[in-house]
Number of protein chains: 6
Amino acid sequence: MKYGARNKIVGKVKSIKKGDIMSMIKFDISDPCEMGSVLTTESLDELNLKPGDEVRLVIKAIHVLPVKE
Amino acid sequence: MKYGARNKIVGKVKSIKKGDIMSMIKFDISDPCEMGSVLTTESLDELNLKPGDEVRLVIKAIHVLPVKE
Amino acid sequence: MKYGARNKIVGKVKSIKKGDIMSMIKFDISDPCEMGSVLTTESLDELNLKPGDEVRLVIKAIHVLPVKE
Amino acid sequence: MKYGARNKIVGKVKSIKKGDIMSMIKFDISDPCEMGSVLTTESLDELNLKPGDEVRLVIKAIHVLPVKE
Amino acid sequence: MKYGARNKIVGKVKSIKKGDIMSMIKFDISDPCEMGSVLTTESLDELNLKPGDEVRLVIKAIHVLPVKE
Amino acid sequence: MKYGARNKIVGKVKSIKKGDIMSMIKFDISDPCEMGSVLTTESLDELNLKPGDEVRLVIKAIHVLPVKE
């Protein structure tokens, strides 16, 4: 199994909330992991980051794809 | 600071790769965290998940928004 | 009409399911078509693809934009 | 293998174009398939669709995730 | 022309920057407009918004689809 | 506060519609602003744009992230 995506995190189902069309799942991530972000070089320059800096990684839940392998 | 998103993970910059229009940043996530996924109820039913099940959470790097608070 | 997107597929409405805020439409695609994917060069290298290889193209329904021309 | 997504189309690699950070893959889809779209109920009402109607499905290439199973 | 999307803003091309695989366009939006956001009800509750409140609407450039009508 | 995104527009809450899992917020944007779009260079070439051209910018509501600073 190989995914064309930088982020492939192992999570454990914590809760499920079922709606009419959309539903939400919450997961626990217990192990340290690596994440990748792609952004415009212009945005990168504005952020002015260097290794070791701490940032907040914001991801809308709709962009998280669960796969049962 | 309040974000209209379920996922707001703290990450530490590990490496930066600068391109012409787009760039990539890699982050280390060292603390356990919670993640949320929204999907169609149809997809949820097909996955047939229950609390405790382990899944792979796949996220394209383009959907990860770094914020320097 | 010109769209700034690689994928512009003709589909025929098959079913509609209406919800409170979000709704779902299913379409039949009957003609062969071409699709484009953009991913990080790192992900491309990991996939190790060559012309003729068969892959699964996964797209969350939320990313499909119907346009009535 | 179960994906938390409505669209899981089989494609054959046609061409690959490698860039500095991002790359593009083109695929041939030869078999008829079904696609799902999720949109707001407000947008659905404006589109005023009924079964059999033909629409254009626009998807940015960045939202297409290739998986090698 | 009817789009299955809440946001359909008129913009005027200001600058174009061409890259190897991806390119960036900047637009001027001169007229007042309305924008819609869909988020989880959980996120909405956390934001605790009421009519008249001012917020920042953050949108990655990759999610903006230009259409030449 | 620095966001890794090109679009950071100030909006005023106009209406809120709460659903079971997802909710929708409408905003008024009263000031002129700049927006950025990232697309493939191939799509850019097809659009054949030059400074001053008027286009429609289509954004699904799900991609708009409200932040309360």
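Predicted model: local features only at pLDDT ≥ 70, side-chain atom pairs only at ≥ 80, totals over all residues.
**Notebook: the B/A and F/E interfaces**

Next I asked which elements of chain B give two or more residues to the side that touches chain A. My list has strands S2 (7-18), S3 (22-29), S4 (33-40), S5 (54-59) and S6 (65-68), plus helix H1 (41-47), of chain B. S2(B) brings the largest share of that side, with 10 residues. Sorted by class, the side of chain B that touches chain A holds 31 nonpolar, 17 charged and 13 polar residues.

**Extent of the B/A contact**

I looked up how many residues take part, and found 61 of chain B in contact with 61 of chain A. The two chains bury about 6,700 Å² between them, and carbon and sulfur atoms carry 60% of it. Which residues of chain B lose the most area to chain A? They are Val38(B), Arg56(B) and Val58(B), and together they make up 11% of what the chain B side buries.

**Charges and strands, B/A**

I found eight salt bridges between chain B and chain A. I zoomed in on Lys18(B) with Asp45(A), where the closest N and O atoms are 2.8 Å apart. Then I traced the strands: S2 of chain A (residues 7-18) pairs with S5(B) in the antiparallel sense, over six bridges. Within that stretch I noted Gly11(A) opposite Val55(B).

**Over to F/E**

I moved on to chain F and chain E, where the contact takes 61 residues from each of the two chains. The area buried between them is about 6,700 Å², with 60% from carbon and sulfur atoms.

I checked the charged pairs here too, and eight salt bridges cross the interface of chain F and chain E. One I wrote down joins the side chains of Arg56(F) and Glu69(E), at 3.3 Å from N to O.

On the chain F side, at least two residues each come from several elements, among them helix H1 (41-47) and strand S6 (65-68) of chain F. Which element supplies the largest share of the side of chain F that touches chain E? That is S2(F), with 10 residues. My class tally for this side reads 31 nonpolar, 13 polar and 17 charged residues.

Last, the strands: S2 of chain E (residues 7-18) and S5(F) pair in the antiparallel sense over six bridges. There I marked Val55(F) as the bridge partner of Gly11(E).

Terms used:
Residues numbered from 1 in each chain as written. Chains lettered and ligands numbered in written order. Heavy atoms only, no water. Contact = heavy atoms within 4.5 Å. Buried area = accessible area lost by both parts, 1.4 Å probe. Salt bridge = Lys/Arg side-chain N within 4 Å of Asp/Glu carboxyl O. Helix = DSSP H or I, 4+ residues; strand = E, 2+ residues; numbered from the N terminus. Nonpolar A, V, L, I, M, F, W, Y, C, P; charged D, E, K, R; others polar. Pairing = 2+ DSSP bridges.
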